Amino acid sequence: MIADALRKLELDDVPLATPTGRLVGASGLLLEATGCKLHTGQRCQIETVDGSWLEAQAVGFREKLTFLMPFKKAVGLSTGARVLPTNDKGSLQIGDSWLGRMVNGIGEPIDGLGKLGGEHVLDAQPPRINPLKKQPVIDPLDVGVRAINSMLTLGKGQRVGLMAGSGVGKSVLLGLITRQTVADVVVVGLIGERSREVREFIEMSLGPDGLKKAVLVIAPADESPLMRIMATELCHSIAAHYRDQGKNVLLLVDSLTRYAMALREVALALGEPPATKGYPPSVFSALPQLVESAGNGENPYGSMSAIYTVLAEGDDQQDPVVDTARAILDGHIVLTRELAERGHYPAINIAASISRCMNHVISREHMLAARALKASMARHERVRDLIPLGAYVPGADPVTDKAVNLNPHIEEFLCQGTREAAPYENCVAQLERLMA
């Protein structure tokens with residue numbers, strides 16, 4: 001009796017028919033299929049002329065047409081090709097075995113170290129958290145960068161952007177933060193960057209010790225826009241998983257701008273009208289949804305701090321993505337080309353940067369010293385151009401004289417080598433001594 005019942009259950013699980021669609025159009029990034037029911041976000045497989053299968057995802061529909069976008073370059077497709085829906089629910093399992101591994105945007109290992117496994121189901125979409133249940137940011141985060149630890153102190157659970165034009169030192173600063181930050185797990189999303197930088201980041205920024213506690217999600221510039229989008233969202237899901245397990249997690253995304261560009265490519269392919277500088281409106285609704293999935297969760301013992309690099313095209317701080325990131329993040333660190341050209345590294349413009357959580361995580365003495373240093377820098381900036389011309393006459397204003405005399409020491413304090421360690425407590429003590 002039991003054997004008959006089991007056989008019946010097994011037979012009931014066998015589908016009587018396989019729903020099959022047909023490919024009826026291909027234009028640029030977008031493919032069109034008909035004949036099978038696909039919901040948005042569902043994956044499918046498309047048969048190529050050589051008999052292999054190309055993975056794609058449903059991104060939209062119109063009447064009987066379903067719009068698909070492939071994960072990889074669409075080669076060898078023909079009209080009438082078969083389209084088979086796939087059921088990938090619960091396909092990703094995550095655990096501690098992911099630490100030290102590198103995956104692509106759909107969670108496939110790309111490091112040649114075998115399959116990944118785990119005991120928990122990982123949702124590809126970042127989780128949403130009730131804002132009333134999020135843990136507050138109350139503890140400082142030691143990122144090992146003197147200028148940030150002292151003047152732009154970050155908190156555990158804070159989300160901040162590194163904003164700069166190309167070639168100013170965002171990636172170098174991100175590598176310094178990666179090596180020095182005190183965290184249990186580091187999740188790195190290398191999104192839309194040059195393939196050459198991937199191995200450099202692993203070997204020079206992380207190193208063997210850093211890699212042991214890191215998970216890398218990689219989608220370089222030659223990947224499809226859909227893969228870049230999924231990689232960005234996947235690294236948020238991974239970081240959220242370890243946060244909810246009670247670990248202190250650092251999430252690094254390089255870069256948020258490439259994610260916005262990938263969203264733009266998909267939206268324009270679907271026919272959405274461009275708005276601000278070619279970005280469709282849906283991009284500016286997707287960015288806060290992504291960022292809000294970062295930060296602290298309900299578990300009081302875990303935290304998730306996030307640092308995003310944001311590319312300011314043409315050094316324009318009013319770029320729409322930069323402006324949006326500035327509004328939705330908990331702070332922004334601006335790197336300027338002027339400081340980089342003067343040999344001041346990291347090229348952080350203290351006056352143009354802000355940490356919105358700084359006052360919640362530092363002492364009163366630290367706050368007063370930071371304000372005094374900012375005031376001194378502002379006073380020196382007023383007369384900086386006059387000093388080389390000999391137009392500045394000491395003695396007229398004692399406060400300005402003090403700022404001029406102190407400025408070389410301030411610049412030396414804010415500069416830091418790429419291999420120099422700067423623990424948080426030491427940074428605060430040096431700042432207070434400097435401004436005493």
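Biologist: Which residues does Ser-303 touch, not counting residues up to four places away in sequence?

Modeller: This is a predicted model, in which local features need pLDDT of at least 70 and side-chain atom pairs count only at pLDDT 80 or more, while totals for chains, interfaces and linings use all residues. Residues are numbered from 1 along each chain as its sequence is written, and side-chain values use heavy atoms, with hydrogens and water left out. Contact here means heavy atoms within 4.5 Å. On that basis, Ser-303 touches Lys-156, Gly-157, Arg-243, Lys-247, Asn-248, Val-249 and Asn-296.

Biologist: What is the length of the polar contact between the side chains of Ser-303 and Asn-248?

Modeller: Ser-303 belongs to strand β16, residues 303–311. Its relative accessibility is 5%, so Ser-303 counts as buried (under 20% relative accessible area; exposed is over 50%, partly exposed in between, with a 1.4 Å probe and protein chains only). A polar contact is a pair of N or O atoms within 3.5 Å; within protein, one must be able to donate a hydrogen and the other to accept it, and residues adjacent in sequence count only if both atoms are side-chain atoms. The side chains of Ser-303 and Asn-248 are joined at 2.8 Å.

Biologist: Which residue in β14 stands opposite Gly-189?

Modeller: Strands are DSSP runs (E, at least two residues), numbered from the N terminus, and two of them pair if DSSP finds at least two bridges between them. In β13 (residues 185–191), 7 of 7 residues are buried; Gly-189 points one way with Val-185, Val-187 and Ile-191, while Val-186, Val-188 and Leu-190 point the other way. β13 pairs in the parallel sense with β14 (residues 214–219) over 6 bridges. The residue opposite Gly-189 is Val-217.

Biologist: What is the angle between the planes of Tyr-279 and Phe-284?

Modeller: Tyr-279 is buried at 2% relative accessible area, whereas Phe-284 is partly exposed at 22%. Rings of Phe, Tyr and Trp (its six-membered ring) pair if their centres lie within 6.5 Å; planes under 30 degrees apart count as stacked, over 60 as edge-to-face and the rest as tilted. Tyr-279 and Phe-284 form an edge-to-face pair, 6.0 Å centre to centre, with a plane angle of 65°.

Note on methods: Helices (H or I, at least four residues) and strands (E, at least two) are DSSP runs, numbered from the N terminus.
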